[in-house]
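Please look through the sequence and the structure shown here, and keep both at hand while reading the report.

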Amino acid sequence: MTLDRLLQQRGDAADIPPLDTWHPALSGDMDIVIHPDGTWQHEGQPFTSPAVAKLLASLLRLDDEGYCLVTPAERWRVQVVDRPLLIVEADFYADAWWFKTQFDDVVRLDHQHPLTLTATPDGELAPECAVRFGLAARLHRNVFYRLVEQAQIHELAGGRSECRLYSAGEWHRLGVWDHGVAGEVS
């Protein structure tokens, strides 16, 4: 499978296609790696066109076999080092935080798109937000710090605290720590 053929099957539509309705058999592995900083590589080389990465991201979903690029006719597994998406903007309006990924996905921080703490490849706990088709996005460092400035600290049992952000009628956890490690947010 060549990358060109996959792109031809996708076409030029800017919207996310109905990936949940496409169920081709797994075609194999494609030499694409998505790094934690949002960089996409094909055959060891970074994508030179952000538009190509954005187009491919619109074909990405998480399946039982892993992260896959999906068209109606083919499904190719790719490697994702941490999370495939990165939240690069956050704005508060209408009583909720709204996040935007590097590929222009926009999600409202709410019950359907919550923040959860999961381990990074380094073993650190970091927040991620559900986006679409099983995909989640990590917060870019600048976004994380902006949200921490707007968050509140809540004491937990057992000498622990958590940093919470209010959005859409709910509290969302940005980090937790033991009191013996004050000042560090996981």
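Predicted model: local features only at pLDDT ≥ 70, side-chain atom pairs only at ≥ 80, totals over all residues.

## The nonpolar core

The largest nonpolar core has 41 residues, and those that touch the most other members are Ile32, Trp40, Val78, Phe99, Leu139, Leu147 and Leu174. Strand β5, which covers residues 66-70, gives the most to this core, with four residues. As a general background, nonpolar side chains in soluble globular proteins tend to be buried together.

## Strand β12 and its partners

Strand β12 runs over residues 135-139 and is mostly covered, since five of its five residues are buried. Strand β7 (residues 85-93) is joined to β12 by three bridges, and these two strands run parallel; here Ile87 stands opposite Leu139, a residue already named among those that touch the most other members of the core.

Strand β11 (residues 125-132) is joined to β12 by four bridges, but this pair runs antiparallel, and Glu128 has Arg138 in β12 as its bridge partner. The hairpin of β11 and β12 has two residues between the strands, and in this hairpin Phe133 takes a positive phi near 50 degrees.

## Ser167 in strand β14

Ser167 belongs to strand β14, which spans residues 160-167. Why does Ser167 count as buried? Its relative accessibility is 0%, and buried means under 20%, so Ser167 falls within that class. When neighbours within four places in sequence are left aside, Ser167 is in contact with Asp95, Ala96, Trp97, Leu109 and His172.

Definitions and conventions. Residues numbered from 1 in each chain as written. Heavy atoms only, no water. Buried < 20%, exposed > 50% of the residue type's maximum accessible area, 1.4 Å probe, protein only. Contact = heavy atoms within 4.5 Å. Core = buried A, V, L, I, M, F, W, Y, C linked by side-chain atoms within 4.5 Å. Pairing = 2+ DSSP bridges.
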